[in-house]
Amino acid sequence: MSEPITAAPSPAPQDENQLMAERRDKLKALRQAQAEGKGVAFPNDFKPANHAADLFATHAEQTPEALIEQATTAKIAGRMMLKRVMGKASFATLQDSTGRIQVYIKRDDVGEEVYAAFKHWDLGDIVAAEGTVFKTKTGELSIHASSIRLLTKSLRPMPDKFHGMADQEVKYRQRYVDLMTDEDTRKRFVARSKAVSGIREFMVAHDFLEVETPMLHPIPGGANAKPFTTHHNALDQQMFLRIAPELYLKRLIVGGFERVFEINRSFRNEGISVRHNPEFTMMEFYAAYWDYQDLMTFTEALIRDAAQRALGTLQLSYAGKPVDLAPPFERLTIHEAICKYTEAGQMLDDGSGLKVDSAEWLRSVLPKLGITEAKHHISTRSLPSLQVLYFEETVEEKLWQPTFIMEHPTEISPLARANDSRPEVTERFELYITGREFGNGFSELNDAEEQAARFQAQVAAKDSGDDEAMYYDHDFIRALEYGMPPTGGCGVGLDRLMMLLTDSSSIRDVILFPALRREV
């Protein structure tokens, strides 16, 4: 009976401080050589002419014989990710922004002095190589180097090449290392960039004008949220980081621009979670002579176009479950959604009506769902407002396929136009996918007197302790008094959209540098 095969023991990990000391000694030697007129420690005169992906796209399918005959030269630079030293010849793998390619280094071709130096270079160093494109005996596309140079000395050792960065928080905090070592991370942010670029092109193609509005506001507005505050020294006044660009964009509609959009950074001084980052990216757009029905149709097309550009398909998978963007997005009122997904759509025990239509029944059941009187004041809320609370606790997470939820209460929608036949609700919608809100839009309130009254109600709520209630914006009322045409406006959370398109479970996965607690 043969002995069982056991894996060779892994070498003991080296002390990082020791490794850094060794690398600093190598850099010290480079500086000394520069002082003696022998090279430059950090040269800045190399210009790559090729990228790894382009070389593979052009030459990957060619035969070794064809490559020899063509004798194509390449000039490339990147981070050294792998290195194999084998006597008089060695291999190194360089990684640039597009991918990796192998470089074959032979002592007789690059010179004994350069080859000797190469053997002391470390993984993570930035290296430049020039040579001829060929294929190895195993068929791997490579560059046969005629020259090779060290451009940047890496002082910190990279994470273990087989395990990478295991600590998720370290991946967020040191995103630069995460990008070096994790191809999926790089692909995720490339997909994000393509999607955002596509959204911009889609908006411009539909005659929207891209604009920029202030990020420092004298009065925060445009959403019910708690702002970040700061102080402007020259003006000697308190300022706020914007929570939304809405009121400035609508000022532009008043001014005569009929379609505007802004891809913007907004800030809300609220909790951090897998869905929330205090600094986030959204797009808001406004179109004169549109209503909330037009907005839903357009937003649906926008989401489809972004997915098609980024992924090439409308059939997505998120958290292991399918999401299909191809069929028409479902449109339900809050009332209809509650009836479809919960027991509140059933009759009361006395047969007098549906549970969803009974404020008394909702007030009795909401505390069982964790909705307290102290925080939410359920005893004084209207029926539509109680229905929203019930919807948020029982229905939201069930809306997996794209669904527009419509007709939010007027009392919690201070900037939205009320429905003409049912003034207690507004011409407003929220878009849900995978149980999460992705967008919010409505027919805009353009009645200056009604908007002033809504602002007054918000001020009263703020005076009563609601930190998220809006301020009274006198200049915005003045703008409306000049007259704003009938208008529809919508905001789409781009970070959450990128979570969907890249199948990411946390918003931190799609933000290059998410907010984190300061390192101790």
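**Exercise 1.** At which residue does UniProt place the feature "binding site", and is that residue buried, partly exposed or exposed in this predicted model?

*Solution.* Begin with the record: the unreviewed UniProt entry places the feature "binding site" at E437. Next, find this residue in the fold, where E437 belongs to strand β17, which covers residues 436-443. Then compare its relative accessible area, 27%, with the cut-offs, since buried means under 20% and exposed means over 50%. E437 is therefore partly exposed. Finally, list its contacts beyond four places in sequence, which are E430, L431, Y432 and R496.

**Exercise 2.** Determine how many residues the largest nonpolar core has, and describe where they come from.

*Solution.* The largest nonpolar core has 45 residues, and those with the most contacts inside it are I199, M203, M283, F285 and L497. Its largest share, nine residues, is supplied by helix α10, which covers residues 292-311. Another core, of 23 residues, lies apart from it and includes L67, V103, V127 and I143. Now look closely at F285, whose contacts beyond four places in sequence include M203, F208, V260 and F261, as well as L295, F298, T299 and L302. As background, in soluble globular proteins nonpolar side chains tend to be buried together.

Notes: Residues numbered from 1 in each chain as written. Predicted model: local features only at pLDDT ≥ 70, side-chain atom pairs only at ≥ 80, totals over all residues. Heavy atoms only, no water. Core = buried A, V, L, I, M, F, W, Y, C linked by side-chain atoms within 4.5 Å. Buried < 20%, exposed > 50% of the residue type's maximum accessible area, 1.4 Å probe, protein only. Helix = DSSP H or I, 4+ residues; strand = E, 2+ residues; numbered from the N terminus. Contact = heavy atoms within 4.5 Å. UniProt positions renumbered as here; feature names shortened; annotations may be inferred.
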